[in-house]
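The sequence and the structure come first, and the description follows.

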Amino acid sequence: MKYGHIVLVALAAMMLLSGFVSADWLPNQTPENQVFSIDTVIDATGAVDDKSTMNWVIASPGSIPDGAVEGGQSISVTDYKDAILTNGGKLAENKNFDFDSQDKQSGLYNIESQKVLTYAGTEGSHLVGEEEYTLDAAGNYSGTEGDIRCVFSEGDAAVLPSFCNIVSAKSALVNVNSAQVSTQGQIRAVTDDVANPAELNYQIAVTPDANSGSGFAEGTVKTVFAGSIMEARDGDDDNYARDGTTEDGEATWNQTSATNSWKDSTEVTGGIKTMQKAFAYQSGVFL
């Protein structure tokens, strides 16, 4: 555990790839789409139990596979959960959750959530909570069919390689007696253009409750950001044929060529003057 007044951390994981190379290419929308919002406003003294969860799975072309992802198919699995529980005290919370299953361009998202809460414990009461975003994207190799617009590539040779990537951002509040907490999360999991990357963003900031008079937030705050990346090559090395096979005829577009796993964790306990963490992830074919 770390004790102190100031913790300021920013972590960015960006897979920026040029030409037709390995990276996420997301599924597109279904013919029928859903859009909904959930807004929550709470100003209460006493016990509060507030939970939100969502799981979304989408694949294209075709239906969600029972086993292995089929050739030319990609799939996205997204999970979101948020929970706050108090056994007393005063809580003020404003939370907005927005979901849109339609194709999204860069700068737009399928899932967006913002939350601001202020908590002050009384007579030994405290607050616990957690929030988590997960994006799991995978795809089996596919011809680009004109999706890659590069003047140096031949239209019948460009292939999108296989990939299997999962990233997550999680925060936890443990036995918080006094604090103001703000969070924001975004996920893009569906698009109709390979130029738009898979994306997950998350931010959390913890500061003192202005009405507490102590100048410190009190409690424990934890964050965990993690990722596991598997990518194939585009088959354009000297020992690969232009059709994506090796000299012995074995396909290369779905052979693991790179792995990358990482994890960032922080825990702060005691009097917290300021704690901020930001996570940004993108993976896609950049032209």
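## The second largest pocket

The second largest pocket holds about 180 Å³ of space. A pocket here is an open set of points on a 1 Å grid over the protein atoms alone, with protein on both sides within 12 Å along at least five of seven lines, and lining residues have an atom within 4 Å of a point. Grid points are joined across faces, edges and corners, and a volume is the space filled by probe spheres set on the points. The model is predicted: local features need pLDDT of at least 70 and side-chain atom pairs count only at pLDDT 80 or more, while totals for chains, interfaces and linings use all residues. Residues are numbered from 1 along each chain as its sequence is written, and side-chain values use heavy atoms, with hydrogens and water left out.

The lining of this second largest pocket comprises 14 residues, and Gly139, Ser162, Phe163, Cys164 and Asn254 lie nearest its centre. At least two lining residues come from each of strand 5, strand 8 and strand 10 (217–232), with strand 10 giving the largest share, three residues. Strands (E, at least two residues) and helices (H or I, at least four) are DSSP runs numbered from the N terminus. By class, the lining has seven nonpolar, six polar and one charged residues; Ala, Val, Leu, Ile, Met, Phe, Trp, Tyr, Cys and Pro count as nonpolar, Asp, Glu, Lys and Arg as charged, and the others, Gly among them, as polar.

## The cavity

One cavity of 30 Å³ or more is present in the structure; a cavity is a set of grid points where a 1.4 Å probe fits but cannot get out. The largest cavity contains about 50 Å³ of space. Its lining includes Lys115, Glu130, Glu131, Leu173 and Ile204. Strand 4 (111–120), strand 5 and strand 8 are the elements that give two or more residues to this lining, and strand 8 provides the largest share, four residues. The lining of the largest cavity divides into five nonpolar, three polar and three charged residues.

## Fold and nonpolar core

The protein chain has 12 strands and zero helices. Of its 287 residues, 47% are buried, where buried means under 20% relative accessible area, exposed over 50% and partly exposed in between (1.4 Å probe, protein chains only). Among contacts with a separation of 6 or more, 80% are between residues 24 or more positions apart; contact means heavy atoms within 4.5 Å.

The largest nonpolar core has 46 residues, and Leu91, Leu127, Leu200 and Val206 touch the most other members. Strand 8 gives the most to this core, with eight residues. Such a core is a set of buried Ala, Val, Leu, Ile, Met, Phe, Trp, Tyr and Cys residues joined through side-chain atoms within 4.5 Å. Beyond four places away in sequence, the residues that Leu200 touches include Tyr133, Leu135, Val167, Ile187 and Phe279.

## Salt bridges

The whole structure contains 12 salt bridges, each a side-chain nitrogen of Lys or Arg within 4 Å of a carboxyl oxygen of Asp or Glu. Lys90 and Asp43 form one of them, at 3.1 Å from N to O. This pair links strand 3 (residues 74–100) with strand 2 (residues 35–60), across 47 residues. Lys90 is partly exposed at 41% relative accessibility, and Asp43 is exposed at 59%. In the bridge between Glu132 and Lys81, the closest N and O atoms are 3.7 Å apart. Here Glu132 lies in strand 5 (residues 127–139) and Lys81 in strand 3, 51 residues apart. Glu132 counts as buried at 19% relative accessibility, and Lys81 as partly exposed at 31%.

Glu199 and Arg188 are joined by a salt bridge with closest N and O atoms 2.9 Å apart. The partners lie in strand 9 (residues 198–207) and strand 8 (residues 163–188) respectively, and both are buried. Salt bridges that share partners also join Asp50, Asp82, Lys95, Lys115 and Glu131 into one network.

Lys95 is placed in strand 3 and is buried, at 3% relative accessibility. Its C-alpha atom is separated by 4.3 Å from that of Lys115, 20 residues apart along the chain. Not counting residues up to four places away in sequence, Lys95 touches Asp50, Asp82 and Lys115, among others including Ile38, Tyr80 and Gln114.
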